[in-house]
Amino acid sequence: MSNERLTLVIAAHNEAMALPLLHPRLRAVLDGLDGIEGRIVYVDDGSTDATWQVMQALAAADDSVGLLRLSRNFGKEAALTAGLDFVDGGAAMILDADGQDPPELIPQFVALWRQGYDNIYGTRQERDGETWLKRGTSSAFYRVIGRLSKTPIPADTGDFRLLSPRALQALGQLRERHRFMKGLFGWVGFRRKALPYHRHARMVGDTKFGFWKLWNFALEGITSFSTAPLRAATYLGLLTASAAFVFGAWVVVKAALYGDRVAGYPTMMAVILFLGGVQLIALGLIGEYLGRLYEESKQRPLYLVDTWHAPFVADSAVH
Ligand code: UDP
Ligand code: MG
């Protein structure tokens with residue numbers, strides 16, 4: 001059987017407690033895969049705890065482990081991009097460091113890959129250990145973005161997925177700074193397949209995504225994959241203008257029929273405040289897009305690497 005290569009990519013930010021629990025599970029699964037050369041790449045996304053030391057210890061004991069340490073915390077999306085760029089041929093699979101994406105499912109992903117699928121993504125059927133608020137807002141988010149975006153973004157799907165070599169190569173060409181990975185995976189296309197799974201609670205540690213971070217993440221997703229809000233602003237403007245026209249006509253007719261009694265300070269205030277509000281909202285919307293355009297136009301690198309360790313990668317492969 002030909003020796004295909006599969007690299008597991010794990011982004012970690014302050015996961016010193018989780019990694020020692022995760023690694024043996026990954027190792028056991030990779031060892032059980034027939035005809036596949038398994039590798040692991042850990043990305044330290046600017047951790048402030050002992051994550052890097054833990055990673056070094058793991059790499060010292062296992063020469064299929066590669067390490068990347070970013071120069072600071074760039075966020076999960078950038079850290080994953082760094083890890084995927086570091087993959088040297090073959091397919092790649094993304095997992096969370098906290099064990100929420102069960103490594104024991106990897107053989108099922110590989111089986112689908114062997115059937116010819118390029119983008120096999122885990123879809124959460126049940127989620128343990130997450131509040132109803134997180135579940136509710138998350139499902140609302142998927143509904144909104146599903147409607148707004150032309151790119152297919154499957155609901156309840158995280159980054160837990162396997163990318164075939166050609167899907168990985170295609171993804172590597174998307175170098176935008178504002179990276180909404182769920183959307184980028186969808187944009188790439190090829191043969192996609194969902195794999196339903198039961199998402200367990202985190203093994204140890206706390207979530208790095210609080211409410212505010214998730215809200216910004218949602219805005220990022222919507223503005224990166226849809227210009228529908230801009231169009232909505234146009235329609236809102238049209239609607240207000242029509243309403244104002246009808247109201248104006250009514251004022252004229254009323255004055256002609258009943259004479260003009262000077263009144264209406266409250267109505268005037270209401271209208272002015274309403275229109276002022278609408279204009280500010282529309283401006284803010286434009287600002288959201290403009291700000292992203294500005295960030296994009298700077299053409300900065302997506303991440304910077306501090307140190308790396310790769311027993312298996314040639315120097316030239318590191319960007
Ligand atoms: N993560 C990261 N950089 C960050 C935040 C998170 O690499 O700035 C990693 C984190 O270590 C974990 C994964 O992203 O492996 C998912 O994070 P978390 O479990 O906190 O998110 P949740 O599962 O609660 O949505
Ligand atoms: Mg998690």
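Reply: Happy to! Helices α5 and α8 are roughly parallel to each other, a label for angles under 35 degrees, with over 145 being roughly antiparallel, 65 to 115 roughly perpendicular and the rest oblique. This is a predicted model, where local features need pLDDT of at least 70 and side-chain atom pairs count only at pLDDT 80 or more, while totals for chains, interfaces and linings use all residues. Residues are numbered from 1 along each chain as its sequence is written, and chains are lettered from A and ligands numbered from 1 in the order in which they are written.

Helix α5 spans residues 132-148 and α8 residues 211-225; their axes come within 10 Å and cross at roughly 10° (axes are lines fitted to C-alpha atoms over the stretch in contact, with angles from 0 to 180 degrees between N-to-C directions). Helices here are DSSP runs of H or I with at least four residues, and strands are E runs of at least two, numbered from the N terminus.

On the α5 side, T137, F141, V144, I145 and L148 meet L214, A218, G221, I222 and F225 of α8, contact meaning C-beta atoms, placed from the backbone, within 7 Å. By class, this contact has eight nonpolar, two polar and no charged residues.

Beyond that pair, the unreviewed UniProt entry annotates residues 232-253 and 265-290 as "transmembrane region". The span 232-253 is 100% helix, with end C-alpha atoms 32 Å apart; 265-290 is also 100% helix, with its ends 37 Å apart.

Methods: Two residues are in contact if their C-beta atoms, placed from the backbone, lie within 7 Å. Ala, Val, Leu, Ile, Met, Phe, Trp, Tyr, Cys and Pro count as nonpolar, Asp, Glu, Lys and Arg as charged, and the others, Gly among them, as polar. UniProt positions are given in the numbering used here, feature names are shortened, and annotations may be inferred rather than shown by experiment.
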